[in-house]
Amino acid sequence: MSLMAESVRQGPETESESSDNRLIARTLAGETEAFSVLVKRWERPIYSLALRMLGKDEDARDACQEAFIAAFRNLSKFRGDAKFSSWMYRIALNACHTRLRNAGIVKYSLDETDENGRQKDVVDKSAVSLSEQMQLDERTQFVRRALQALPPEMRQVIVMKEYEEMTFVEIAEILHLPISTVKSRLYTGLQHLRLRLEHLRDAM
Amino acid sequence: MREKDCGKKELLLSYLYDEANQHERADFAAHLTACSSCDRELQAFQGVRQELSTWQIPFVPHIEVITPRSATDALREFFSLLPGWFKVTSGLAVAAAAALVVFAISGTQIKFGQEGFTAQVGVKEIAQTQIVKEPTTSTLVTPSLAANTISRAEAEKMIQVAVAQAQAQTQAQAHTQFATLEAKLNSAHQARLTSATMRLQQQHQKNLNAVLAEGRRGTLTEWLFASAETGTENQEQKGNENNN
């Protein structure tokens, strides 16, 4: 039987969680400035998640805005059954998936080459500013392209595990998935990344 | 080329991300020595992880989230931006609006017509001010000045109304004083009647005691009649006693 992690809490409430809950209570009491503190606390992980999911800074910023506004509007629905961070990550992922679906921001494909046998450029290079390109070295570009080539369902698991350093239980809780499904997606995603990175390296 | 699946995928991932417990770690480490497929997969994934770690985000833009304000906050901010004269004016306007609401609730009617300004409470007209309708010979009189002028006839009428009101008030006060005096008189009269009755009863008892003391004998009927006669008319009883 697969373990669903929806109702799993990681031990007693931590100081950070308690602080989050106090800020939520103050926000719900009408002190909207308290929500700004919550945003400041979580903007870095949420933005990082959005950037790695969407690949472009502008889209990541917009997704963050949408996610935090959605969180504010639905804050009264947050029951505290799960951590605020889990709830916030879920909202941010939904915002990312909505943007990916509606705008078709990043096209992904597991097929490494096009019909002519040439390497597909799955990332819109024009979307990356010159300053950003200067900051990113060659290897980072490989990783960026390889990640964007993955289906979002696999990509999000890899991003949450590799960059947000979540446990399997936390990922399962946020995505409302069994841990076995999370591990399966991660395993397949890592295999695709391995092949993709090898191809990119060979193509250079 | 895909590696042979030995059913240790989940354990491999737990091992790779250091989430396996001590027993699982020992078990998988032993498995790795015997399974080259898993060993190669593990090393490949470790390489992928190393590649992924190269993408670090050097800076994070500050996310500006403009939270919607409550209606109260919005109103407070709106009024704080208004100039002082506007606040005073709007305050007066609010007071006037409140007065109109009170008038409406109390049945007061306020009319602006050609005959001037009219105010009514319920069905009774209490005040009426008319703008002078007489044509003015001076062209320098402004409409605002004309609107503030009251005709002589109207002034006399207003005085008459005021006098009538004063008279009515005086009459009402007189009625009240008369009613109070009447109540006092009635009270005093009642007290006198009660006192007289008491005296009569005492006298009656005294007479009875006197008769009994004299030892007069007679029938019960005679005694009762004698008592009734004594109780009915004090003077007559006194006379009878004197005769006896």
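Me: What is the order of elements in chain A, from the N terminus on?

Reply: This is a predicted model, and in it chain A runs α-α-α-α-α-α-α-α-α. That makes nine helices and zero strands.

Me: And what pattern does chain B follow along the sequence?

Reply: Chain B reads α-α-α-α-α-β-β-β-α-α-α-α, with nine helices and three strands.

Me: How much of each chain counts as buried?

Reply: In chain A, 39% of the 204 residues count as buried. In chain B, the share is 5% of 244 residues. As for contacts between residues at least 6 apart in sequence, 69% of those in chain A join residues at least 24 apart. For chain B, residues 24 or more positions apart account for 30% of the contacts with a separation of 6 or more.

Me: What makes you say helix 7 of chain B is hardly covered?

Reply: The count of buried residues among its 63 residues is zero.

Me: Which residues of helix 6 of chain A are buried, and what do they pack against?

Reply: The buried ones are Phe142(A), Val143(A), Ala146(A), Leu147(A) and Gln148(A). They pack against helix 2, helix 7 and helix 9 of chain A, together with helix 3 (36–52) of chain B.

Me: Why do helix 8 and helix 9 of chain A get the label roughly perpendicular?

Reply: Helix 8 (residues 168–175) of chain A packs on helix 9 of chain A at about 105°, with the axes 9 Å apart. The range for this label is 65 to 115 degrees, and about 105° falls inside it, so they are roughly perpendicular. Phe168(A), Val169(A), Ile171(A), Ala172(A) and Leu175(A) of helix 8 meet Ile179(A), Val182(A) and Lys183(A) of helix 9. Sorted by class, that contact has seven nonpolar, no polar and one charged.

Me: Where do the two chains touch, and which element of chain A gives the most?

Reply: The contact takes 33 residues from chain A and 23 residues from chain B. On the side of chain A, helix 2 (33–54), helix 3 (57–73), helix 6, helix 7 (152–163) and helix 9 each give two or more residues. Helix 9 of chain A gives the most, with eight. That side of chain A has 16 nonpolar, eight polar and nine charged residues.

Me: Why is Glu162(A) called buried?

Reply: The cut-off is 20 or more other C-beta atoms within 10 Å. Glu162(A) has 22, so it is buried. Glu162(A) sits in helix 7 of chain A, and leaving aside neighbours within four places in sequence, it is in contact with Arg49(B) and Leu52(B).

Me: And what makes Glu165(A) and Asp18(B) exposed?

Reply: Exposed takes 12 or fewer. Glu165(A) has 10 other C-beta atoms within 10 Å, so it is exposed; Asp18(B) has 7, so it is exposed as well. Glu165(A) lies in the loop between helix 7 and helix 8 of chain A. Asp18(B) is in the loop between helix 1 (9–16) and helix 2 (22–34) of chain B.

Me: What is the phi of each of these two residues?

Reply: Most residues other than glycine have a negative phi. Glu165(A) is not a glycine, yet its phi is positive, about 55°. Asp18(B) is not a glycine either, and its phi is positive too, about 60°.

Notes
Residues numbered from 1 in each chain as written. Chains lettered and ligands numbered in written order. Predicted model: local features only at pLDDT ≥ 70, side-chain atom pairs only at ≥ 80, totals over all residues. Helix = DSSP H or I, 4+ residues; strand = E, 2+ residues; numbered from the N terminus. Contact = placed C-beta atoms within 7 Å. Nonpolar A, V, L, I, M, F, W, Y, C, P; charged D, E, K, R; others polar. Axes fitted to C-alpha atoms, helices over the stretch in contact; angles between N-to-C directions. Parallel < 35°, antiparallel > 145°, perpendicular 65-115°, else oblique.
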